[in-house]
Amino acid sequence: MKMDKKEDTEFQVEASEMKEQAKKTIQKIKEKVQEEDTKPTASLNLRTILGGDFLTADMVRRQIWLIVLMVIFTIIYVASRYQCQQDLIAIDKLEKELLHAKYKALSSSSTLTEKCRESHVLEALKQNKDSLLHISDQPPYIINIPE
């Protein structure tokens, strides 16, 4: 039995030493792992922005959703502006096409009016001598029909 008590005391001593070593190790780890919040630098310069130090600041981390929202709105704004410019280009093209069609219709109408004039028809009849149509020598008759 004496051996058992001696072994128990040795075991307890070893266990207490291991507990103290574990506590010391945990304390060292806590000291190393402890986060230190760095305060944002008062001077914001190009070096901090390009170096990425600006993005690690607490202010940026707190406002990340606002930044994401601003980026999304910027993309939507640029896309809608691009679409608006494309629509304006299409409208301008269609207006030019419409103007061209109006000029063509006006030109065709004036050509048809020119060809339908009596003087032009008479000239065409004189050139085609084989036609039986000719200009009347007598004025038109007025026929009165009693009711």
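**Figure 1. Accessible surface and overall make-up of the predicted model.** The accessible surface of the protein in this predicted model amounts to about 15200 Å², with 61% of that area belonging to carbon and sulfur atoms. Of the 147 residues, 2% count as buried. The protein has five helices and zero strands, so that its elements, read from the N terminus on, follow the order α-α-α-α-α. The mean pLDDT is 82, and 86% of the residues reach 70 or more; confidence is lowest in helix α3 (residues 58-62), where the mean is 76, and highest in helix α4 (residues 64-116), where it is 95.

**Figure 2. A patch of negative charge on the surface.** The patch gathers Glu7, Asp8, Glu10, Glu14, Glu17 and Glu20. One of these residues, glutamate 14, lies in helix α1 (residues 2-33), and its relative accessibility of 45% makes it partly exposed.

**Figure 3. The salt bridge between aspartate 92 and lysine 96.** The closest N and O atoms of this pair are 3.8 Å apart, which is inside the 4 Å cut-off for a salt bridge. Because the two residues stand four positions apart in helix α4, about one helical turn separates aspartate 92 from lysine 96. Aspartate 92 is partly exposed, having a relative accessible area of 37%, whereas lysine 96, at 57% relative accessibility, counts as exposed.

**Figure 4. The salt bridge between arginine 117 and glutamate 114.** Here the side chains meet at an N to O distance of 3.2 Å, in a model whose count comes to two salt bridges. Arginine 117 is partly exposed at 45% relative accessibility, and glutamate 114 is likewise partly exposed, at 40%.

Notes
Residues numbered from 1 in each chain as written. Predicted model: local features only at pLDDT ≥ 70, side-chain atom pairs only at ≥ 80, totals over all residues. Heavy atoms only, no water. Patch = residues over 30% accessible without salt bridge, like charges linked within 9 Å, V, L, I, M, F, W, Y side chains within 5 Å. Areas by Shrake-Rupley, 256 points an atom, 1.4 Å probe, with all protein chains shown as cover. Lys, Arg positive; Asp, Glu negative; His and termini not counted. Charge placed at Lys NZ, Arg CZ, Asp CG, Glu CD. Buried < 20%, exposed > 50% of the residue type's maximum accessible area, 1.4 Å probe, protein only. pLDDT = per-residue confidence, 0-100.
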